[in-house]
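Please load the model in a viewer and keep the selection panel at hand.

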Amino acid sequence: VIPMIPERLSNGVCSLRPDEDKLTYSGIFVINTKGHVRKSRISKTIIHSDRRFTYEEAQHRIDNEDGSDYSKEIKILNTISQNLRKNRKSLIFNKSEVKFELDHEFAPIGILIKESNESHQLIEELMLMANKVVGEKLCEMNVGIYRVHDEPNFEKLMELQSICKMLGYTLNLNNPKKSLNELSIKVKGTPYENMLGMLI
């Protein structure tokens with residue numbers, strides 16, 4: 001892993017390691033299982049994580065009814081996140097990630113394809129929800145630095161259109177946002193899903 005911020009922060013101060021008190025700003029939500037936020041607030045808090053899960057451990061609890069610890073809570077969060085995902089207006093592509101298998105001397109000995117599953121989507125959707133609410137609060141307070149995604153570059157859209165045409169798909173440049181959303185649905189589950197997701 002190459003951290004985006006100094007390791008003392010990413011693996012220390014900012015890491016949610018279990019059994020440690022952490023001083024944080026927390027987004028606190030009252031949310032129903034459909035994913036509708038009823039109330040939210042941002043507060044200075046001390047949090048204390050009881051358990052840290054890998055994606056695989058969380059996915060095991062989503063898929064099984066074996067009474068594993070925090071299984072009920074993870075299933076509830078998964079229901080919320082899948083409803084958030086259904087209601088999301090932005091593009092959704094299930095992109096695969098490459099993971100390297102290493103030997104005992106950390107030399108690469110194999111490549112694995114890591115698929116995005118419900119445990120990944122759970123984190124993604126709840127992060128998006130938190131970011132949206134924090135963004136709204138910052139706008140209300142008229143503070144903060146943020147970035148805006150510009151309209152897509154027309155030349156790049158034309159390149160994408162010609163690639164889609166070669167693969168048997170159409171991309172309407174008169175309404176690219178709608179057309180890209182439709183394309184994301186059409187290519188779901190096809191061999192082109194990951195490639196077109198990366199290009200988009």
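Begin by selecting residues 97–102 and 108–114: these are strand 3 and strand 4, which pair in the antiparallel sense over six bridges. Strands (E, at least two residues) and helices (H or I, at least four) are DSSP runs numbered from the N terminus, and two strands pair if DSSP finds at least two bridges between them. The model is predicted, so local features need pLDDT of at least 70 and side-chain atom pairs count only at pLDDT 80 or more, whereas totals for chains, interfaces and linings use all residues. Residues are numbered from 1 along each chain as its sequence is written, and side-chain values use heavy atoms, without hydrogens and water.

Next, pick Lys99, whose bridge partner in strand 4 is Leu112. Then move to Phe106 in the hairpin of these strands, which has five residues between them; Phe106 takes a positive phi near 65°.

Now colour by pLDDT, the predictor's confidence in each residue, from 0 to 100. The protein averages 88, and 96% of the residues score at least 70. Among the elements, strand 3 has the lowest mean (82), and helix 2 (residues 55–63) has the highest (95).

Finally, select Leu16, Ile47, Ile123, Leu126 and Met127, which lie nearest the centre of the largest pocket among its 45 lining residues. Helix 4 gives the most to this lining, with 12 residues.

Notes
1 Å grid on protein atoms, 1.4 Å probe; cavity = no way out; pocket = protein on both sides within 12 Å on 5 of 7 lines; lining within 4 Å.
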